[in-house]
Amino acid sequence: MNPTVTMIARLIHRSDGTAYHGEFDAPLDPAEALIRAHEKYGATYRIVTVYPEAQHLRVGWHEKLAAAMLAPPLEGR
């Protein structure tokens, strides 16, 4: 099992457009982080972005996130 880290999700409330942020645990994998953010917040919020809470883990994160968003969906999800 992959170790998890605390992630931050930038969120927009679907009904009133208010900006929020939320924290959740996920492996240090952009695709899995997006999936977990959608599982936790997707019904109520639009997810703008997700990133690791720890500053040193953010280096190169947005490039990895962009690549994960362009990749085909994970099997079975």
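Ring pairs link Y20, F24, Y41 and Y45 into a cluster. Rings of Phe, Tyr and Trp (its six-membered ring) count as a pair if their centres lie within 6.5 Å; planes under 30 degrees apart are called stacked, those over 60 edge-to-face, and the rest tilted. The model is a predicted one, in which local features need pLDDT of at least 70 and side-chain atom pairs count only at pLDDT 80 or more, whereas totals for chains, interfaces and linings use all residues. Residues are numbered from 1 along each chain as its sequence is written, and side-chain values use heavy atoms, with hydrogens and water left out.

**Aromatic pairs**

- The count of aromatic pairs comes to three.
- One of them joins Y20 and Y45 edge-to-face, at 5.4 Å centre to centre and with 70° between the planes.
- This pair links distant parts of the chain, 25 residues apart: Y20 lies in strand β2 (residues 19-27) and Y45 in strand β3 (residues 45-52).
- F24 and Y41 also form an edge-to-face pair, with 6.3 Å from centre to centre and 70° between the planes.
- F24 belongs to strand β2 and Y41 to helix α1 (residues 30-41), so their pair ties together parts that are 17 residues apart in sequence.
- Helices (H or I, at least four residues) and strands (E, at least two) are DSSP runs, numbered from the N terminus.

**Burial of the rings**

- Y20 is partly exposed, with a relative accessible area of 38%, while Y45 counts as buried at 18%.
- Both F24 and Y41 are buried.
- Buried means under 20% relative accessible area and exposed over 50%, with partly exposed in between (1.4 Å probe, protein chains only).

**The sheet**

- Three strands form an open sheet in the order β2-β1-β3, with antiparallel pairing; two strands pair if DSSP finds at least two bridges between them.
- β2 and β3 are the edge strands, each pairing on one side only.
- From one strand to the next, the twist averages 30°.
- Seven bridges pair strand β1 (residues 4-13) with β3 in the antiparallel sense.
- R10 has T49 in β3 as its bridge partner.

**Helices on the sheet**

- Helix α1 lies across β1, β2 and β3 and runs at about 125° to β2.
- Helix α2 (residues 61-70) packs on the sheet, touching β1 and β3, and its direction makes about 130° with that of β3.
- Contact means heavy atoms within 4.5 Å.
- Axes are lines fitted to C-alpha atoms, for helices over the stretch in contact, and angles run from 0 to 180 degrees between N-to-C directions.
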